[in-house]
Amino acid sequence: MNKYVLSLSALILAGACSSAFAQDNRAFFVNAAAGQATYHVDDADGDNYAGNNSDSATSLRLGYLWHGPVDIGVEGGYVDLGQLKASLISGAVFEEATVHAKGWLLGAAGKYHFADQWFVSARGGWLRASSDVDFRISTPADSTSASSSVDGNGWYGGVGVGYDFSDNVSLGVNYDNYHVKAQTDGVSADANVGTWMVTAEYRF
């Protein structure tokens, strides 16, 4: 719940700033995106885990663009990368793990317009990732489970293409890669999560 409260507060703050300083510039923006995330994780132990490495993904971003031949600006936001699910059956032992990654974003963004209302975009920056991990192992005699949450600093970057329906509204398709890093108790792990998302943006 806290992430939605913080996002709403940031959006209200951006609206207040735009009213005071940039009413006619329409340089502030907010965009929301939804699509699919795919986890790319090496199986270091060679245990041949079976699993579902794709899930739905969403993001919410806001920022400011300075207009020019190439629009350049800053952005911040939040991304939910869905879950990675993996399982293994070895004899009478069943193992199952779920990883849910999400995080805060802060970075740079740019756009280049061409052919009237079309544009290409790029973005990249810092990702503060948090991964919730659930693990369960079952045998005929017993079943145990554990869960934890690990955090770490990673990065993200991506490109996209879109169309401006008006001065205020655009729709686009983006591919982004999120390098999720986590560390706890001296143990570190990382994974790349690729996302395809449809993005709706409003500028004011």
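Reader: Are Glu75 and Arg61 buried or exposed in this model?
Author: In this predicted model, Glu75 pairs with Arg61 in a salt bridge whose closest N and O atoms are 2.9 Å apart. A residue has to fall under 20% relative accessible area to be counted as buried, and for Glu75 and Arg61 the assignment is that both are buried.

Reader: How many residues apart in sequence are the parts that Glu75 and Arg61 tie together?
Author: Glu75 belongs to strand β4, which covers residues 71-90, while Arg61 belongs to strand β3, which covers residues 54-66.

Reader: Which side chain makes a polar contact with the side chain of Asn174?
Author: Asn174 is placed in strand β8 and, with a relative accessible area of 10%, is buried. Leaving aside neighbours within four places in sequence, its contacts include Ser121, Val159, Trp196 and Arg123. The polar contact, at 3.3 Å, is with the side chain of Arg123.

Reader: Which residues are joined with Asp164 into one network of salt bridges?
Author: Asp164 in strand β7 (residues 143-164) and Arg203 in strand β9 (residues 187-203) are 39 residues apart, and their side chains meet in a salt bridge at 3.2 Å, N to O. Both Asp164 and Arg203 are buried. Through salt bridges that share partners, Asp164 is joined into one network with Lys111, Glu201 and Arg203.

Reader: How many salt bridges does a search of the whole structure find?
Author: Among them are the pair of Glu75 with Arg61, the pair of Arg123 with Asp176 and the pair of Asp164 with Arg203. For the whole structure, the search finds six.

Reader: What is the separation between the C-alpha atoms of Ala200 and Ala33?
Author: Ala200 lies in strand β9 and counts as partly exposed because its relative accessibility is 40%. Beyond residues up to four places away in sequence, Ala200 touches Val30, Asn31, Ala32, Ser170 and Leu171. Although Ala200 and Ala33 are 167 residues apart along the chain, their C-alpha atoms are separated by 6.3 Å.

Conventions. Residues numbered from 1 in each chain as written. Predicted model: local features only at pLDDT ≥ 70, side-chain atom pairs only at ≥ 80, totals over all residues. Heavy atoms only, no water. Salt bridge = Lys/Arg side-chain N within 4 Å of Asp/Glu carboxyl O. Helix = DSSP H or I, 4+ residues; strand = E, 2+ residues; numbered from the N terminus. Buried < 20%, exposed > 50% of the residue type's maximum accessible area, 1.4 Å probe, protein only. Contact = heavy atoms within 4.5 Å. Polar contact = N/O pair within 3.5 Å; in protein donor to acceptor, adjacent residues only side chain to side chain.
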